[in-house]
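Reader: Hey, I have a new structure to look through. Can you walk me through it?

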Amino acid sequence: MKDISWSRFVAMLRKELLQMQRDRATVLMTVAVPLMQLFLFGFAINTNPRHLPTAFVSGDHSVYERAITSALVNTAYFDLRMYTSDEAADQALARGDVLFVLRIPPGFARAVDRGESPTILMQADATDSTAIAAAASALQGIVPGAINRDLPPEMRMAPETPSFRVIIHNRYNPEQITAFNIVPGLVGVVLTFSTLIATTLSITRERETGTMENLLAMPLRPVEVMLGKIVPYIGLGYIQVVLILVAAVTVFQVPLRGSVLLLLLALGLFIACNLAVGFTLSSLAATQMQAQQMAMASLLPSMLLSGFMFPFAGMPAWARTAGDLLPLTHVLRICRGIMLKGNGVAEIVPELWPMALFAVIVGIVAVRSYRQTLD
C-alpha cells in the first residue's frame with residue numbers, strides 16, 4: 001500500500017471514465033444486454049406451454065363430441081382447430097401448423113352407449129417432446145371422465161369400465177429421444193455462432209490492422225466488398241453443415257428422411273442471412289470488441305426466441321411474433337421438418353420466404369452502412 005500513489009490512481013480512474021464517455025456504445029451494450037436477458041427470461045420463457053394448436057377431426061357429431069371438446073378447451077392446453085379431413089390434418093401436422101391431431105371415429109357415440117369402450121386417437125408432433133409433455137399428460141387425466149354425466153344411467157353405475165380410451169401416438173420421434181430434437185436444431189445454432197461472429201469481425205479487423213486504407217484505395221463497390229468477404233464463409237459454413245450432418249446420422253442416429261439437397265439449399269439461404277447481419281454489424285462497429293458485443297447481443301434473442309432452448313408454442317404472442325422475424329426460428333423448423341418428418345418443398349416454403357426477405361432487407365442495409373472512408 002505504501003507504493004500506491006492516490007494521485008496516480010485518481011488520474012488513471014479519470015482517464016478510464018473519460019474513455020467510457022467516449023465509448024458510449026460499449027457502455028450501453030453492457031447495460032442493455034442484462035436488461036434484455038431479464039425481460040426475455042421473465043416474460044417470454046415458459047416451459048409449460050398452453051393453448052397449443054390442435055387439429056380436430058370428428059366423424060361423429062354427438063353430445064359426447066361436444067363434451068370432449070369442452071373438456072379439452074377447459075384444460076387450457078389445447079387450442080382446437082376444426083379440419084374436415086384426415087389428409088388436411090396430417091399436412092398441418094407435417095408443416096408444424098398444429099402440434100396435435102385428435103380424431104373421433106365414426107359411430108363413436110353408438111359404441112359408447114353399447115359399452116364397447118371405443119378408442120380415440122391423438123397424434124402428437126414429438127419433434128419437440130418438451131412442448132407436448134404436459135398437454136399429453138392432461139389429456140390422459142381429464143378426457144376419460146369428460147362424458148360421464150352424459151352416459152346412460154346404467155353405465156354411470158360401473159365406473160371401473162372406461163367409457164372410451166385415448167391412445168397417444170407420438171409421430172416423427174416415437175421414443176421421444178432428446179437428441180432427435182436437439183441435434184437438428186444445433187445445425188442452425190452452430191452456423192449462427194460461426195458465420196455471424198466471423199463476419200462481424202471482418203471490417204473492424206481491417207480498420208484496426210491498418211489494411212482498410214488499401215481496401216478503400218481499390219476500385220471496389222460496397223456490394224463487391226461484401227460479396228468478397230461473404231462468399232468464403234459460405235464455403236466454410238457448408239463444411240460445418242456436412243460435418244454436423246454426418247455426426248448426427250452416424251453418432252446420434254438421427255434419421256434423415258428428407259432430401260439432403262433441399263436441406264443444403266435451405267441452409268445456404270440461412271448462412272447468407274447470418275453473413276449479411278455480420279457484415280452490417282461489422283460496418284457499424286468502431287472496434288472489434290464493440291463488434292463482438294453487438295454479435296453476442298444479436299445472438300441472445302435468437303437463442304431464446306427461436307424455439308431451440310424453450311418451446312416456441314409456450315411463448316406469449318409478442319414473443320412469437322418477434323421470434324418469427326429471426327432466421328434461426330425458420331431454419332430450426334426446416335431442419336427438424338426435413339430430417340425427422342421428411343418434408344419437401346411444399347412444406348418448407350412458408351419458412352423459406354421469410355428468410356429470403358430477411359436476407360434481402362439486411363443485405364441492403366449492409367451495403368448502405370458500408371463506409372468508404374476511414375472517418
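Predicted model: local features only at pLDDT ≥ 70, side-chain atom pairs only at ≥ 80, totals over all residues.

Reader: Pockets, then. What is the volume of the largest pocket?

Author: The volume of the largest pocket is about 790 Å³. Its lining has 32 residues. Gly96, Leu99, Phe312, Ala313 and Arg333 lie nearest the centre.

Reader: Which elements give two or more residues to that lining?

Author: Strand 2, helix 4 (86-95), helix 13 (317-324), helix 14 (327-341) and helix 15 (345-369). Helix 14 has the largest share, with eight residues.

Reader: How many of the lining residues in the largest pocket are charged?

Author: The lining has 14 charged residues, along with nine nonpolar and nine polar.

Reader: And the second largest pocket, how does its lining divide by class?

Author: Ten residues are nonpolar, five are polar and none is charged. The space there is about 210 Å³. Val277, Ser298, Ser302, Pro327 and Phe358 lie nearest the centre of this second largest pocket.

Reader: Which helix gives the most to it?

Author: Helix 11 does, with five residues.

Reader: New topic. How many salt bridges are there?

Author: The count comes to eight. Take arginine 103 and aspartate 90, whose closest N and O atoms are 2.7 Å apart. Arginine 103 sits in strand 3 (residues 100-104) and aspartate 90 in helix 4, so the pair ties together parts 13 residues apart in sequence.

Reader: Is arginine 103 buried or exposed?

Author: Arginine 103 counts as buried, because its relative accessibility is 13% and the cut-off for buried is under 20%. Aspartate 90 is partly exposed, at 27%.

Reader: What other salt bridge does aspartate 90 form?

Author: One with arginine 171, with the closest N and O atoms 3.4 Å apart. Arginine 171 is in strand 5 (residues 165-171), so this pair ties together parts 81 residues apart in sequence. There is a network too: Asp86, Asp90, Arg103 and Arg171 are linked by salt bridges.

Reader: Last one. Where does threonine 75 lie?

Author: Threonine 75 lies in the loop between helix 3 (63-74) and strand 2 (78-82). It counts as buried, at 9% relative accessibility. Leaving out residues up to four places away in sequence, threonine 75 touches Arg50 and Ile142.

Technical notes
Residues numbered from 1 in each chain as written. Heavy atoms only, no water. Helix = DSSP H or I, 4+ residues; strand = E, 2+ residues; numbered from the N terminus. Buried < 20%, exposed > 50% of the residue type's maximum accessible area, 1.4 Å probe, protein only. Contact = heavy atoms within 4.5 Å. 1 Å grid on protein atoms, 1.4 Å probe; cavity = no way out; pocket = protein on both sides within 12 Å on 5 of 7 lines; lining within 4 Å. Points joined across faces, edges and corners; volume = space filled by probe spheres on them. Nonpolar A, V, L, I, M, F, W, Y, C, P; charged D, E, K, R; others polar. Salt bridge = Lys/Arg side-chain N within 4 Å of Asp/Glu carboxyl O.
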